[in-house]
Amino acid sequence: MLVFIMNLKNIFKKIVLIDLLLMILAVVFSTYPSEAVQFFNQNANPLSDMFITLAIIYIIALVICLYFLYKFKSIGKPFYFILFIIGIVLSLLAGSFAIDPIFYVIDGLSWANGGAILALLYFSPIKKEFDK
């Protein structure tokens with residue numbers, strides 16, 4: 001059983017690192033959209049400066065939270081859950097906009113990876129590592 005938990009810890013750490021990598025890729029690909037996407041987004045509902053500021057604060061908080069998860073700090077578990085909910089709310093408040101196909105795939109993988117992290121945090125033996 002101990003070997004299983006040790007492997008689970010390594011798997012969890014790799015999933016957290018994958019989440020960080022997906023976040024970095026999402027930021028990079030959202031910074032350089034294609035001309036068609038730029039044209040559409042300029043004519044659709046442009047994002048406000050306040051929303052962009054909130055998104056940057058969210059990204060910084062998520063990086064800090066991923067560090068807590070990687071180090072198995074007890075604050076990381078509820079912090080990630082709260083940030084996951086805030087991410088859903090921010091996605092809903094963003095409104096309609098176009099994205100490139102690669103960003104669409106990265107975003108979907110990021111949400112799936114977040115679900116895997118939540119499942120491991122609350123429904124696997126790894127949850128005991130955060131109680132220490």
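In which helix is Asn113 found? Asn113 belongs to helix H5, which spans residues 101–123, where helices are DSSP runs of H or I with at least four residues, numbered from the N terminus. The structure is a predicted model, in which local features need pLDDT of at least 70 and side-chain atom pairs count only at pLDDT 80 or more, while totals for chains, interfaces and linings use all residues. Residues are numbered from 1 along each chain as its sequence is written, and side-chain values use heavy atoms, with hydrogens and water left out.

Asn113 counts as buried because its relative accessibility is 10%, the term buried meaning under 20% relative accessible area, exposed over 50% and partly exposed in between, with a 1.4 Å probe and protein chains only. A polar atom of the Asn113 side chain lies 3.1 Å from the backbone oxygen of Ile15, and the side chain of Asn113 also makes a polar contact with the side chain of Asp19, at 3.3 Å. A polar contact is a pair of N or O atoms within 3.5 Å; within protein, one must be able to donate a hydrogen and the other to accept it, and residues adjacent in sequence count only if both atoms are side-chain atoms. When neighbours within four places in sequence are left aside, Asn113 is in contact (heavy atoms within 4.5 Å) with Ile15, Ile18, Asp19 and Leu22.

Lys13 lies in helix H1, residues 2–31, and is partly exposed, with a relative accessible area of 26%. Not counting residues up to four places away in sequence, Lys13 touches Tyr70 and Phe72, whereas the C-alpha atoms of Lys13 and Leu92, 79 residues apart along the chain, are separated by 29 Å.

The axes of helix H3 (residues 49–70) and helix H4 (residues 76–93) come within 10 Å and cross at roughly 155°; axes are lines fitted to C-alpha atoms, for helices over the stretch in contact, and angles run from 0 to 180 degrees between N-to-C directions. H3 and H4 are therefore roughly antiparallel to each other, a term used for angles over 145 degrees, while those under 35 count as roughly parallel, 65 to 115 as roughly perpendicular and the rest as oblique. Residues making this contact include Phe51 and Leu54 of H3 and Gly76 and Lys77 of H4.

H4 and H5 pack at an angle of about 150°, with their axes 11 Å apart, and that makes H4 roughly antiparallel to H5. Among the residues that meet are Phe81 and Phe84 in H4 and Trp111 and Leu118 in H5.

How values were computed
Helix = DSSP H or I, 4+ residues; strand = E, 2+ residues; numbered from the N terminus.
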